[in-house]
Amino acid sequence: MLDPIRLAAMARKEWIQLRRDARSMALAFVLPLLLLLFFGYAITWDVRDIRLAVHDADGGADARDLIQAFESSGYFRVVSRLDRSADADRELEAGRALAVMAIPPDFGERLRAGEPAPVQLLLDGSDANTATIALGYADAIASRFGQQVVLRGVRIDPPVEVASRVWYNPELRSRNMIVPGLVAVIMSIIAAMLTALTIAREWERGTMEQLAATPVHRLEVVLGKLVPYLGIGFVDVAVAVAAGVFIFDVPLRGNLLLLAAMTLLFLIGALGLGMFISAAMRSQVLATQVAMIATYLPALLLSGFLFDIASMPVVLKAATAIVPARYYITVTRGIFLKGVGVEALWAQGLAMIVFAAAGLGLAAATFRKRIAP
Amino acid sequence: MTVAVEVRDLTRRFGTFTAVDAVSFTVERGSIFGFLGPNGAGKTTTIKMLSGLLRPTAGRALVAGLDVAAEPSRVRERIGYMSQRFSLYADLAVEENIRLFAGLYGVAGPRFAARRDWVLTMAGLTGREAEYAGDLPLGFKQRLALGCAVLHEPPLLFLDEPTSGVDPVARRAFWDLIDGLAQAGTTVLVSTHYLEEAEFCHRLILMNRGRLIAEGDPPGVRRLMREPIWAFLPDDAPRAVEALRREPAVLEAAMFGRAVHAVLKPEADAERAVPAALGAAGIGFRDLARIEPSLEDVFVALVRREGGAVVD
């Protein structure tokens, strides 16, 4: 039923047109890299250099050691020293400090006596995320400091020790999470935007009528148009993966062939979605906007890229099932960071096969209806 | 006569609007068959239904022996279609357009080279293969579009107002091409709102408001007008028209340059009524004579006889 000559003629024509259209070329090759660099540098969940104000009522060597421990951790930076504990409010309100540490006058004395020596930490909770992370760091620094004091030989009954190790991303660099996810988010948007133009353009320029008068089958049109965009999508993903490894220093532990196969499935679905929108809207402007809305927000918010799907409300969690980027993100993160294979990703692969079939089917079905209503 | 196209009660409605209303006709193989009528008469809708681009609401159309509604894709292999709007790819070069449509029509190998050369020669574009189709003058665009529509040498060719917007010289050249294709055995169905182009057709139908109002060869259609037309040269044409329009025997009077054409009731005596009306108004005239009606005259007369108005 599919004629290779007609298919090749469509693909060839689409590629020539694409090559000559500066807007499409920019969209295809410049925008993905720009987005990757922009988001790759801008988004980070690592909290560093937390502004810390200190009220040291003790003033002794132990208190200085504690402050030093906070500073040398790299997570805190002492921005001011307060004379009165009442000034703490002012510092937090003005936003000059995110945390205030108050060391009581008997801090050193208590330590040397082997008594518990409480230290007060006030946090600006208006940014709950950062405050929680800062609290975690402070806890860790303080308990380590406590252990060192203990080891210096006052009392030796070892407390329960948790030996924790982080797998896959031992330094907990958020970039390692973000960059592989970004590849999926960016390609969701770019793929749909690219093909959103293609069928609508034929309607707008009147060339669809001539095309419709030839024996070309609707599936040949859809597949023929798909081929060049698939090539572009592959180049984009390859460039993004290379940028991730060489610019952002993200480890790539898994099999590249598996990544390529999964990428193929994902791209067919995403490109097909764009073509479906294009065939349904028949206007380039409208199709671009719909493609943007249909891909951008879901890919960003419902894919697990920014927010953990497991902790979403039930309704949103269910909605994520129809976001293709969700499956591809699991794939890219899995292959990049964990080096997992088909045994771990087959379900995602199946989901993407469903999306690919649905995308192409919808595009071809919508397209037929419109030629001969 | 071998039938190339047979149409019975073909109807197309868009909502409550009936664009084509129970039209029937037969087209002989190898002939040039014209659809005439003003814009909005239903010509384009009819051609689109025959090309398989639009599904008929009712009625039946057999094209090359195939039911268009049932087998549109097989019909499309046997026809060439050229729309009234330039619908080749403006951002593709001449040769790239030819290559694309050759591919879509399955024309490949040595046959492709021969057909490409034929199109280039026919369109006068040899040596300009690398120019963008969108940059060509309109006359060349049209010939290239025609060439792309017949790359696969279809037995049937549908042309929807192919000459609209083209200057008279290029129009004449285009009709010579169509005539050549018909002589080589292609059946050509062509629509136009230039009534004088009907002279190039072997057979034609007149359409108005979606309905077929006349059918025949050009002389036969002209004979359908029973009302005589008279022409004369008055001293004062505008006042002469005014005077004639008040005369009960005169159905229609209009200026043609310095002359005036008057359509009279069939039973009226023009040689008495016209001088009487002009004399009463004190207008001098000369060269009063009966003339052959143009197709435009026929069209207007037929619409008037039906009591309808011309859509334009």
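Are F25(B) and F33(B) buried or exposed, and what is the state of each? F25(B) is buried, as is F33(B); buried stands for under 20% relative accessible area, exposed for over 50%, and partly exposed for what lies in between, with a 1.4 Å probe and protein chains only.

## Basis of the model

This is a predicted model, in which local features need pLDDT of at least 70 and side-chain atom pairs count only at pLDDT 80 or more, while totals for chains, interfaces and linings use all residues. Residues are numbered from 1 along each chain as its sequence is written, chains are lettered from A and ligands numbered from 1 in the order in which they are written, and side-chain values use heavy atoms, leaving out hydrogens and water.

## Aromatic pairs

Over all chains there are 12 aromatic pairs. Rings of Phe, Tyr and Trp (its six-membered ring) pair if their centres lie within 6.5 Å; planes under 30 degrees apart are stacked, over 60 edge-to-face, and the rest tilted. The pair of F266(A) and Y328(A) is stacked, because the ring centres are 4.2 Å apart and the planes are at 5 degrees. This pair links distant parts of chain A, 62 residues apart: F266(A) belongs to helix α10 (residues 256-281) and Y328(A) to helix α13 (residues 324-338). Helices are DSSP runs (H or I, at least four residues), as are strands (E, at least two), numbered from the N terminus. Both F266(A) and Y328(A) are buried.

In chain B, F25(B) and F33(B) are also stacked, at 5.1 Å centre to centre with 20 degrees between the planes. Ring pairs join F25(B), F33(B) and F35(B) in a cluster.

## Charges over rings

The charged end of R282(A) sits over the ring of W203(A), 3.7 Å from its centre. R115(B) lies over the face of W118(B), 4.5 Å from the ring centre. The criterion is NZ of Lys or CZ of Arg within 6 Å of the ring centre and within 35 degrees of the ring normal.

## Interface of chains A and B

Contact (heavy atoms within 4.5 Å) involves 26 residues of chain A and 28 residues of chain B. The two chains bury about 2,500 Å² between them, 57% of it on carbon and sulfur atoms; buried area is the accessible area (1.4 Å probe) that two parts lose on being put together, summed over both. R20(A), E209(A) and Q210(A) supply 25% of the area that chain A buries against chain B, more than any other three residues.

Between the chains there are 3 salt bridges, each a side-chain nitrogen of Lys or Arg within 4 Å of a carboxyl oxygen of Asp or Glu. R205(A) and D91(B) meet in a salt bridge through their side chains (3.4 Å, N to O).
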